[in-house]
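Please keep the sequence and the model in view while reading.

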Amino acid sequence: MEACKTTYAYEFQANALEKEASEVLSMIRSVKNSFAPINRIPPEVFSLIPDYCDDGEDDDADQDLITLTHVCHGWRDTFISRSSLWTQLDFMNTDKTRTYIQRSKSCSLEVYLGKDEEDTYLDDALLMVTPHIHRIKSITIYANALPDAIQYFYCQIPLLEELEIHLACGLTPVLDDTLFNRDLSSLRHLHLSGVITHLPWKNLANLTSFNLRFCRPGHDFVTRLLDFFENAPLLREIMLEYTIPGSSDAPPGRIVPLPHLYILAITAVQPHSILLNHLSIPSGASLILGLSFSGEQSPLRDYLPETTANLRNLSRITAINLHFGPTEKFVRMKGPNEGLCVLAGWEDETISPYTVDRRILHSLHKPILLTTQSLVVSRYQHPRPGRVGGCPMFQVLSSMNNLRTLILIDCHNLPFILTLNPEKNPSELVVCPNLEELVIYVKSRDQFYIKYLISMAEKRASRDVKLSSITIVGLGELVPGKEVFKLREHIKHVHYRVDDEPPRWDYLPDESSDEE
């Protein structure tokens with residue numbers, strides 16, 4: 001018996017010593033870790049590491065965060081103590097949701113509800129957030145249909161700043177107008193896709209961004225939309241995609257000001273003037289129109305209001321970019337009061353790309369051309385490049401008396417060169433009399449037209465409207481012949497360089513910098 005007691009005593013002491021040794025070793029490792037360079041970073045800085053671990057894949061963000069907490073005790077304490085790391089809730093796991101809510105403490109919460117064939121939120125997990133609904137800062141819903149979970153959001157959410165609902169069911173369900181107790185006074189960003197709403201909400205004093213996509217508006221939608229804009233006086237960004245109805249129910253004289261607007265983007269098949277007739281666009285705002293036309297429609301005239309008096313951002317255009325791609329067309333106008341960008345496509349396959357190009361050029365308003373000082377044209381093709389008379393580009397350039405810079409990117413250059421030659425164009429007048437700089441990007445040697453360039457420079461000089469600069473840019477490894485430098489007999493500055501690629505389609509030269 002005594003021997004057994006002695007054995008147990010030794011075993012107890014051994015276990016105690018082992019525990020003490022383990023604690024000492026743990027303390028030693030902790031001290032050693034504290035001397036590691038990475039652990040000398042102040043905790044308030046070190047805790048920011050997870051912000052830079054996200055590689056753009058949202059599915060891995062949570063796992064990356066959990067992995068960081070398993071490196072060592074120091075790291076775990078640091079990252080758990082930063083409550084703002086634990087605010088994103090997807091309700092896919094009950095234990096995870098409970099842990100995140102606890103660790104987030106009093107921070108604002110970001111709610112994500114996904115429901116499709118592969119992933120769906122858990123109702124039990126979602127119920128855990130209801131006592132903390134006053135802490136919700138954002139709600140994002142991606143689903144095939146409006147989820148039943150929407151029932152939890154009929155009360156006021158005082159901190160809600162962002163609401164996104166994206167539905168893919170194709171049925172366009174109606175969003176209940178009693179959500180959030182009709183109070184969205186704290187909301188800053190509202191994005192709705194595939195869901196219709198009667199937009200009755202008031203108190204939108206802080207809303208700055210509104211995005212509405214793929215909904216089927218009713219006959220009174222324009223009036224409701226204008227009411228909505230009036231209740232959101234701080235709106236800066238408005239994106240409307242396939243939401244404009246075929247007719248307007250609003251009184252013709254009703255104009256809604258948008259004094260803080262920065263960008264208005266409309267993509268639709270129906271004419272955009274249905275809405276633009278009722279909006280006052282301030283100076284400094286960008287207007288982007290994505291349109292699809294057919295038949296005899298004009299890309300600009302049929303999609304802008306009859307009068308542009310309310311479009312103050314188009315009051316003085318100084319730069320125009322025209323891109324004539326084989327399947328897509330772009331028109332960009334810019335000035336001191338900002339401007340307009342039109343993205344055009346067409347549905348009628350019987351219409352040739354050149355016909356579309358001609359309609360775009362014919363639809364340019366003459367008052368806009370008169371104030372333009374810079375013109376960029378890319379990918380323009382003319383079926384008969386040697387005949388200027390039937391070329392719509394001749395009519396455009398003939399109206400641009402204040403043009404100072406002309407940039408041609410991978411175009412049929414001959415119609416432009418002949419138009420600028422006072423002895424070759426149909427009018428036999430000096431077109432673009434104030435033109436100072438010509439820049440030509442070419443991909444092949446047959447685009448140089450050096451003989452015609454020399455003739456154009458000579459004839460303009462004889463009319464005392466001499467160009468001051470010509471720059472030829474060879475794309476790829478294209479090298480011009482020595483005849484290029486014969487231009488120096490008539491032009492003071494002749495430059496040549498090689499670039500790998502042409503500029504972007506929306507390129508406009510910086511008025512404050514000169515071409516090298």
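## Overall features

The chain has an accessible surface of about 26,200 Å², and carbon and sulfur atoms account for 50% of that surface. Accessible areas come from the Shrake-Rupley method with a 1.4 Å probe, and for residues only the protein chains shown count as cover. The model is a predicted one, in which local features need pLDDT of at least 70 and side-chain atom pairs count only at pLDDT 80 or more, while totals for chains, interfaces and linings use all residues. Residues are numbered from 1 along each chain as its sequence is written, and side-chain values use heavy atoms, with hydrogens and water left out.

There are 13 helices and 21 strands in the chain. Helices (H or I, at least four residues) and strands (E, at least two) are DSSP runs numbered from the N terminus. Of the 516 residues in the chain, 45% are buried; buried means under 20% relative accessible area, exposed over 50%, and partly exposed in between, with a 1.4 Å probe and protein chains only. Among contacts with a separation of 6 or more, 68% join residues 24 or more positions apart, where contact means heavy atoms within 4.5 Å.

## Helix 5 and its surroundings

Helix 5 spans residues 94–104, and its buried residues are Thr97, Tyr100, Ile101, Arg103 and Ser104. At the start of this helix, a side-chain oxygen of Asn93 comes to within 2.9 Å of the backbone nitrogen of Asp95. Just after the helix, Lys105 adopts a positive phi of about 55°.

Two charged side chains sit over rings here, a description that requires NZ of Lys or CZ of Arg within 6 Å of the ring centre and within 35 degrees of the ring normal. The charged end of Lys96 lies over the ring of Tyr100, 5.5 Å from its centre. For Arg103, the charged end sits over the ring of Trp86, at 4.6 Å from the centre.

Helix 7 (residues 221–230) is largely enclosed by the rest of the structure, because 7 of its 10 residues are buried. These are Phe221, Val222, Thr223, Leu225, Leu226, Phe228 and Phe229.

The structure holds 9 aromatic pairs; rings of Phe, Tyr and Trp (its six-membered ring) pair if their centres lie within 6.5 Å, with planes under 30 degrees apart counted as stacked, over 60 as edge-to-face and the rest as tilted. One of them is the tilted pair of Tyr112 and Tyr142, with ring centres 6.2 Å apart and planes at 35°. This pair links distant parts of the chain, since Tyr112 is in strand 2 (residues 109–115) and Tyr142 in strand 3 (residues 136–143), 30 residues apart. Tyr112 is partly exposed at 36% relative accessible area, and Tyr142 is partly exposed at 38%. Phe210 and Phe229 form an edge-to-face pair, with centres 6.5 Å apart and planes at 80°. Phe210 lies in strand 8 (residues 209–213) and Phe229 in helix 7, so the pair ties together parts 19 residues apart in sequence. Both Phe210 and Phe229 are buried, and ring pairs link Phe210, Phe228 and Phe229 into a cluster.

His191 belongs to strand 6 (residues 189–193) and is buried, with a relative accessible area of 18%. Leaving aside residues up to four places away in sequence, His191 touches Leu163, Glu164, Ile165, Ser209 and Asn211.

Cys155 is partly exposed at 32% relative accessibility, whereas Cys411 is buried at 1%. With a disulfide defined as a pair of cysteine sulfur atoms within 2.5 Å, the count comes to 0 disulfides.

Technical notes: Polar contact = N/O pair within 3.5 Å; in protein donor to acceptor, adjacent residues only side chain to side chain.
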